[in-house]
Amino acid sequence: MGTDALTTVANDLYALPAADFTAARNARAKEVAATNRDLAQRITALRKPTPAAWIANALVRELAPDIEAALAVGESMRLATDGLDSAALSTLSKQRRELISALVRQGSVIAKAAGQSATPAVLDEVTQTLQAALTDADAANALRTGRLLRPLATVGFEPVDLTEAVAGEVFLVNPGGTPPSARPEPAARQRALELAAQEADLEATAAAARLVQFESRGTELERERDALEDALAEVEARARATRDELERVRRDIRSLDAERSAARRAADSALRAADLAREKAGK
């Protein structure tokens, strides 16, 4: 009962927002302590999932069909590797990259909506976890539980380390790890390495091509920026010259206004003098 009951409790707890996990776990342990102390202790020992594990668990719960589609591609890749089918492996590798990239983007959206951490480092761990699940059948089953405690990672051809990676039960294809006799033969391993190297070369070539495109576009934008900056400098120079000319005209207007006022006063004075002279002559 203990293990099954623990898995049932864990299914509920690991579906919660990470911020609610500890309080809910302690409350559940207290609830069952009176009737099952062993289960209560097991519940209390459940660890809060890391941010990357929480996102992976959320993807399993909210996007199960997408997760299964990705895991199916992983299974097909393992078969293609065993059969040394380079053409299928190349196609499947592209599908794997696209599926993982889409899932990580969706995981980021889910995390942000729930107020969870989705930093680049966390999303890198989500990517590694999905890659591990698509590489290793046991890692795939660990992901399917939706009860991951930590991110997963692949190391060469070794089985993915699932030590303390899952809360509760998980079905393992190879509980003790892949025995040496079941590992790929040297020739198969070498061919798989060659295929992986070819895939890496293709990715590097594509990345280099994208870099050239970005650099070319960057050069075009820099030229456009320089032309606009030159045009702006020219406009600013004309604006300065226009402002200087405007200020000169304003000064001339002020000077003319002063001279006009003086001339008006002189004319008024001359008119008054002429009127006075005529009056005197008339007498």
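In the predicted model, the buried residues of helix α2 are Ala 18, Phe 21, Arg 25, Ala 29 and Val 32. An α-helix has 3.6 residues a turn, so residues three or four places apart point the same way. Helix α2 covers residues 18-33, and its 16 residues should span 22 Å at 1.5 Å a residue.

One aromatic pair was found in a search of the whole structure. The pair consists of Tyr 14 and Phe 21, whose ring centres are 5.0 Å apart. The angle between the planes is 45°, and the arrangement is therefore classed as tilted, since planes under 30 degrees apart count as stacked and those over 60 as edge-to-face. Both Tyr 14 and Phe 21 are buried, and Phe 21 is among the buried residues of α2 listed above.

Side chains of opposite charge can pair when their charged atoms come close. A search of the whole structure gave 12 salt bridges. One of these salt bridges joins Arg 28 to Asp 12, with 3.6 Å between the closest N and O atoms. This pair links distant parts of the chain, as Arg 28 belongs to helix α2 and Asp 12 to helix α1 (residues 2-13), with a separation of 16 residues. Arg 28 has a relative accessibility of 24% and therefore counts as partly exposed. Asp 12 is likewise partly exposed, its relative accessible area being 41%.

A further salt bridge is formed by Glu 68 and Arg 144, the closest N and O atoms lying 2.9 Å apart. Because Glu 68 is in helix α5 (residues 64-82) and Arg 144 in helix α8 (residues 137-144), the contact ties together parts that are 76 residues apart in sequence. Glu 68, with a relative accessible area of 36%, is partly exposed. The value for Arg 144 is 34% relative accessibility, so this residue also counts as partly exposed.

Arg 225 and Asp 226 also form a salt bridge, with the closest N and O atoms at 3.1 Å. Arg 225 counts as partly exposed at 43% relative accessibility, and Asp 226 is partly exposed with a relative accessible area of 34%.

Terms used. Residues are numbered from 1 along each chain as its sequence is written. This is a predicted model: local features need pLDDT of at least 70, side-chain atom pairs count only at pLDDT 80 or more; totals for chains, interfaces and linings use all residues. Side-chain values use heavy atoms; hydrogens and water are left out. Rings of Phe, Tyr and Trp (its six-membered ring) pair if their centres lie within 6.5 Å; planes under 30 degrees apart count as stacked, over 60 as edge-to-face and the rest as tilted. Buried means under 20% relative accessible area, exposed over 50%, partly exposed in between (1.4 Å probe, protein chains only). Helices (H or I, at least four residues) and strands (E, at least two) are DSSP runs, numbered from the N terminus. The expected span of a helix is 1.5 Å times one less than its number of residues. A salt bridge is a side-chain nitrogen of Lys or Arg within 4 Å of a carboxyl oxygen of Asp or Glu.
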